[in-house]
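Hi everyone, thanks for making time today. I'd like to walk you through some charge pairs in a structure that may be new to you.

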Amino acid sequence: MKKNLLILFVCCFINSLQLQAQFFKFDTGKLKAVNVSMGVEKMMGKQVVRVIKDSSVIAVDEPTFVKVNGIELNNGTIELKVLSKLLPHAPDYARGFIGVAFRVNDSNSKFESIYIRPTNGRANNQLRRNRSVQYFSFPDYKFDRLRKEAPGEYESYSDMGLNEWIKLKLVIKDAVAKLFINDARQPSLIVNDLKHGSNLTGAIGLWVDIGTEGFFSDLKIKKEQ
């Protein structure tokens with residue numbers, strides 16, 4: 001009996017370790033730029049990764065991120081803080097696009113992503129506000145296809161703005177992903193049918209799009225076994 005209890009305790013202890021969050025101290029040896037420029041620097045006393053999309057990539061919702069090396073995630077939780085600025089040469093349609101790519105495959109040809117548009121969060125136009133948060137699935141389900149085929153289902157509103165730190169918490173379970181913003185108790189966006197399904201496992205990317213000078217900090221990842 002005592003032996004069985006000891007085995008149960010050890011198994012529970014191992015499982016608890018597997019579920020503990022991993023904190024990352026950014027350095028260039030742990031990061032890989034994919035169609036972006038990047039740098040690790042200090043900002044207001046905080047270590048951050050600065051990311052700008054490569055101007056040669058014209059299309060939107062592309063693999064334009066800093067890939068975090070050594071992490072393979074299927075189910076779990078990703079937490080981080082992001083800050084978005086508009087570049088001086090940003091086009092009129094720039095929105096400060098910044099977010100997270102997840103389940104990124106080795107060739108960067110397949111992944112899921114949820115990102116935010118900080119300029120939309122406090123726009124006077126209600127339709128723009130309704131498009132503050134966005135899901136897309138690369139390569140087949142970019143924002144424009146999802147917006148056409150299922151209007152309003154893969155984007156939503158949340159309060160946010162440029163030039164401020166925004167906390168993102170992404171909870172991924174099988175074919176469902178939920179995004180929580182700034183410690184909100186309820187998610188700002190729920191995706192119930194991730195387009196690559198439940199089984200895809202892959203890396204995490206710090207994602208930006210056109211016109212954005214993006215900053216990322218306080219990355220924490222908790223895998224679910």
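One definition before we start: a residue is buried when its relative accessible area is under 20%, exposed when over 50%, and partly exposed in between. Please keep in mind that this is a predicted model.

So, is K220 buried, partly exposed or exposed? Its relative accessibility is 22%, so K220 counts as partly exposed. K220 forms a salt bridge with E79, and the closest N and O atoms are 3.5 Å apart. Because K220 lies in strand β15 (residues 212-224) and E79 in strand β6 (residues 75-86), this pair ties together parts that are 141 residues apart in sequence. E79 itself has a relative accessible area of 15%, so it is buried.

D218 in strand β15 and K81 in strand β6 are 137 residues apart, and their salt bridge has its closest N and O atoms at 3.8 Å. Here D218 is partly exposed at 38%, and K81 is partly exposed at 30%.

Now let's look elsewhere. E62 forms a salt bridge with K142, with 2.4 Å between the closest N and O atoms. E62 sits in the loop between β4 (46-53) and β5 (65-73), while K142 is in the loop between β9 (133-138) and α3 (143-149), 80 residues apart. Both of these residues are buried.

And how many salt bridges are there? The count comes to 17.

Definitions and conventions: Residues numbered from 1 in each chain as written. Predicted model: local features only at pLDDT ≥ 70, side-chain atom pairs only at ≥ 80, totals over all residues. Heavy atoms only, no water. Salt bridge = Lys/Arg side-chain N within 4 Å of Asp/Glu carboxyl O. Helix = DSSP H or I, 4+ residues; strand = E, 2+ residues; numbered from the N terminus. Buried < 20%, exposed > 50% of the residue type's maximum accessible area, 1.4 Å probe, protein only.
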